[in-house]
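Subject: Structure handover

Hi,

Here is the structure I promised to pass on. Please open it next to this email and follow along.

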Amino acid sequence: MNLNYTSEMEKAMHSAHKVTYASYSQKLEVRMKVERRREKDYIQSQRLVADLDRRQLNRQI
């Protein structure tokens, strides 16, 4: 996988996932672990937003 990345992207990858961007781009196992975590975080955030929306709607009624 040929990816161009910046030092900011490297810092963010290491901070969020504890892996280097080079490792992410070269190792399928690392990439899949990161992507599974991202998907899990996304689903959790969608549930949180839906819950907050539902609470807001109930307050308006």
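Start at lysine 18, which sits in the loop between helix H1 (7-17) and helix H2 (21-26). Keep in mind that this is a predicted model. The phi angle of lysine 18 is near 60°. That is a positive value, in a residue other than glycine. Is lysine 18 buried or exposed? Its relative accessible area is 61%, and the cut-off for exposed is over 50%. So lysine 18 counts as exposed.

Next, the aromatic rings. A pair of such rings is described by two things: the distance of the centres and the angle of the planes. The search gives 1 aromatic pair. The partners are tyrosine 21 and tyrosine 24, with ring centres 5.7 Å apart. Their planes stand at 45°, so the pair is tilted. Where do the two tyrosines sit? Both are in helix H2, 3 residues apart, so about one helical turn separates them. Tyrosine 21 has a relative accessible area of 10%. For tyrosine 24 the value is 8%. Buried means under 20%, so tyrosine 21 is buried, and tyrosine 24 is buried as well.

Now the charged side chains. Opposite charges can pair when the charged atoms come close. How many salt bridges are there in the whole structure? The search finds 3.

One joins glutamate 35 and arginine 38, at 2.9 Å from N to O. Both residues lie in helix H3 (residues 28-60). They are 3 residues apart, about one turn of the helix. Glutamate 35 is partly exposed, at 30% relative accessible area. Arginine 38 is partly exposed too, at 35%.

Another links arginine 54 and aspartate 51, at 3.5 Å from N to O. These two also lie in helix H3, 3 residues apart. Aspartate 51 meets arginine 55 in a salt bridge as well, at 3.3 Å from N to O. Here the spacing in helix H3 is 4 residues, again about one turn.

Which residues form a network of salt bridges? They are Asp51, Arg54 and Arg55. Aspartate 51 takes part in the bridge to arginine 54 and in the bridge to arginine 55. Aspartate 51 has 23% relative accessibility and counts as partly exposed. Arginine 54 is partly exposed at 48%. Arginine 55 is partly exposed, also with 48%.

Best wishes

Methods. Residues are numbered from 1 along each chain as its sequence is written. This is a predicted model: local features need pLDDT of at least 70, side-chain atom pairs count only at pLDDT 80 or more; totals for chains, interfaces and linings use all residues. Side-chain values use heavy atoms; hydrogens and water are left out. Buried means under 20% relative accessible area, exposed over 50%, partly exposed in between (1.4 Å probe, protein chains only). Rings of Phe, Tyr and Trp (its six-membered ring) pair if their centres lie within 6.5 Å; planes under 30 degrees apart count as stacked, over 60 as edge-to-face and the rest as tilted. A salt bridge is a side-chain nitrogen of Lys or Arg within 4 Å of a carboxyl oxygen of Asp or Glu.
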